[in-house]
Amino acid sequence: MDDDFDSFVVQRYDRLRGSAFLLTGDLATAEDIVQTALAKAWAAWGRINTNPDSYVYRIVVNTHISWWRRKWRNELPSPEVPEYPDPHDFTIEVVQRQALLAAVGGLPRRQRVIVVLHYFEQLTLIQCAEVLGCSLGTVKTQLGRALKRRSSRTSPRRRRLSSATRTRGMNASRSR
């Protein structure tokens, strides 16, 4: 039993930490959440017989939600992405990571969880529903709202250009 759990942790730790980081926006908190989730999973490992990934992701999500509810509001997350020492210049990746964290971090908690599980952990919508303990329809609705919210946050210039294009298209069709 311990060998199975050890190999699970070795194989999945980085992905679990990455998902928790996308949920929290803070590496230290993400590591704490994953450590807590793995401790809970280890205690229940003998009872987990079918899909340990789903079970552990559920623990990660529930722990994140629980900690978020308890967190005092004096603390504000930093918009800065922690940088790690690296011999290469990864400026573009850092900028993309910041944009990704801003986009994901700006979503409501439940939508953020679904986006992380579906797009970053590549779980199917059915698997997301299982992890969250909700219906498939709820997952689809929340994911649709997250995507709509994301598309509505385009830059004002882009909105003006898109509006002008629509107006020109309407005027052109009227003049025919």
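Guide: The axes of helix H1 (residues 2-24) and helix H2 (residues 27-44) come within 8 Å and cross at roughly 145 degrees, where axes are lines fitted to C-alpha atoms over the stretch in contact, with angles from 0 to 180 degrees between N-to-C directions, and contact means heavy atoms within 4.5 Å. Helices are DSSP runs (H or I) of at least four residues, numbered from the N terminus. This is a predicted model, in which local features need pLDDT of at least 70 and side-chain atom pairs count only at pLDDT 80 or more, while totals for chains, interfaces and linings use all residues. Residues are numbered from 1 along each chain as its sequence is written, and side-chain values use heavy atoms, leaving out hydrogens and water.

Visitor: Why is the pair of phenylalanine 5 and tryptophan 45 called edge-to-face?

Guide: Rings of Phe, Tyr and Trp (its six-membered ring) pair if their centres lie within 6.5 Å, and planes under 30 degrees apart count as stacked, over 60 as edge-to-face and the rest as tilted. Phenylalanine 5 and tryptophan 45 have 5.0 Å centre to centre and 75 degrees between the planes, so they form a pair that is edge-to-face.

Visitor: What makes phenylalanine 5 count as buried?

Guide: Buried means under 20% relative accessible area, with a 1.4 Å probe and protein chains only; phenylalanine 5 has 8% relative accessibility and therefore counts as buried.

Visitor: How do you know that phenylalanine 8 and tryptophan 45 form a tilted pair?

Guide: Their planes are 50 degrees apart, with 5.3 Å centre to centre, and that angle is therefore neither stacked nor edge-to-face.

How values were computed: Helix = DSSP H or I, 4+ residues; strand = E, 2+ residues; numbered from the N terminus. Buried < 20%, exposed > 50% of the residue type's maximum accessible area, 1.4 Å probe, protein only.
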